[in-house]
Amino acid sequence: MTYLELQNVTKTYGATRALEPLNLSLERGELVTLLGPSGCGKTTLLRIVAGFAAPSSGRVMLEGADLTHLPPSRREMGMVFQAYSLFPNLSAEDNVRFGLRVRGVAALEMAKRVDALFELIGLSEARARYPHQLSGGQQQRVALARALAPQPRVLLLDEPLSALDARVRVGLRDEIRRVQRETRTTALFVTHDQEEALAISDRVVVMNAGKIEQIGTPEDIYRRPATPFVAEFVGTVSRLEGRVLESKRGLVEIAGQPLEVLGAVGRAVGERVQLYLRPEALSLFAPSERLGANLLEGRVTERSFLGSITRLTLTLGSGDTLTADLQGAQAEVFVLGSSAGVEINPEAPQVVGIRG
């Protein structure tokens, strides 16, 4: 049986529809991330699950029980917010104890849970400190422990890392995933950070304008985007437009050149398509070095050193641009203004049909 289920949920504010009818289910122990740009409806959806907002229509189900009209206090869900929301007048330990005291948990059981949680988050030495004596990352760990202390049926996390600097954010996201796995807690995580979503999720729900664009594993979302929005929102991508020349081989005319593309096999001759290319789908070489199929030629117009890789932007004769990532010394020969041949892996591009 599905553990948490949203059935035909919508949300309107006057004439504005924040959420189109959507359905989503989570299995027990799964971490699912709602990913999308600001204003796409992901936080609204999380608030509906938590009980802080009521859906205009639809139902929230947990283990077959209808929670739609229950207040947050009766849903047995833990919440971790972006702004930590710790009680400033309570120590870290008392913050974690707070929910247990409200629920009347026995003293011995309370002590066991608090000890175990501080051990789990690696802050046993800081339990007597007050929030202002903790770093941002430490405060968020305490907030996580406080949410987990009552052993919630579902853990809800609303942009919990966005207030932290980049280095702390990466470390803490891995900690959240570790803790979620060790406690086997079902979790719904909200973020606009695609790297964050891909790194920690069992499945990712990509949202746009109140709708679900795609639900899938991180690998599916990145490698097999279902819509143009998903292809362009998740990861770095180059887009080329062309027409199908031959259906059987998937031959597509792109920038005046015929290219074989596996994703175009079976499409109608003359159909207009958009080709989405990840940087790793491209191989670069000096134009004189290689001849053969699936080749384009361009000029290096942008060059960015990113540590382990160098990212190059190539402008083709058609005016289209491609982005390619090269490792280490491979990029040294491709200086600004130099010509480069581009070989496209025929199995890697994603093709989306368009009208016309």
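**View 1. The surroundings of T33 in this predicted model**. Setting aside residues up to four places away in sequence, T33 touches F189, T191, A197, S201, R203, V204 and V205. One of these neighbours, S201, also meets T33 through a polar contact between their side chains, at 2.6 Å. T33 itself sits in strand β3. Is T33 buried or exposed? Its relative accessible area is 0%, and buried means under 20%, so T33 counts as buried. For a sense of scale along the chain, look for V9 as well: V9 and T33 are 24 residues apart in sequence, and their C-alpha atoms are separated by 17 Å.

**View 2. Helix α5 from end to end**. Helix α5 runs through residues 166–183, which makes 18 residues. How far apart are its end C-alpha atoms? They are 26 Å apart, and this agrees with the span of 26 Å that should result at 1.5 Å a residue. Follow the chain just past α5 and you come to R184, which takes a positive phi of about 55°.

**View 3. The two faces of helix α5**. Here the buried residues of α5 are L172, R173, I176, R177, V179 and Q180. Why do they lie on the same side of α5? They cover an arc of only 165° around the axis, which puts them on that one side.

**View 4. What covers the buried residues of α5**. Both strands and helices take part in this cover. The strands include β3 (31–35), β7 (154–158) and β8 (186–191). The helices include α3 (107–121), α4 (136–148) and α6 (194–200).

**View 5. An open sheet of five strands**. Reading across the sheet, the order is β15-β19-β16-β17-β18, with antiparallel pairing. Which strands stand at the edges? They are β15 (282–285) and β18 (321–327); each has a single partner strand, so one side of each is left without a neighbour in the sheet. From one strand to the next, the twist averages 45°.

**View 6. The pairing of β16 with β17**. Strand β16 covers residues 295–305 and strand β17 covers residues 309–316. Seven bridges join this antiparallel pair.

Terms used: Residues are numbered from 1 along each chain as its sequence is written. This is a predicted model: local features need pLDDT of at least 70, side-chain atom pairs count only at pLDDT 80 or more; totals for chains, interfaces and linings use all residues. Side-chain values use heavy atoms; hydrogens and water are left out. Two strands pair if DSSP finds at least two bridges between them. Helices (H or I, at least four residues) and strands (E, at least two) are DSSP runs, numbered from the N terminus. Axes are lines fitted to C-alpha atoms, for helices over the stretch in contact, and angles run from 0 to 180 degrees between N-to-C directions. The expected span of a helix is 1.5 Å times one less than its number of residues. Buried means under 20% relative accessible area, exposed over 50%, partly exposed in between (1.4 Å probe, protein chains only). The arc is that of the directions from the helix axis to the C-beta atoms. Contact means heavy atoms within 4.5 Å. A polar contact is a pair of N or O atoms within 3.5 Å; within protein, one must be able to donate a hydrogen and the other to accept it, and residues adjacent in sequence count only if both atoms are side-chain atoms.
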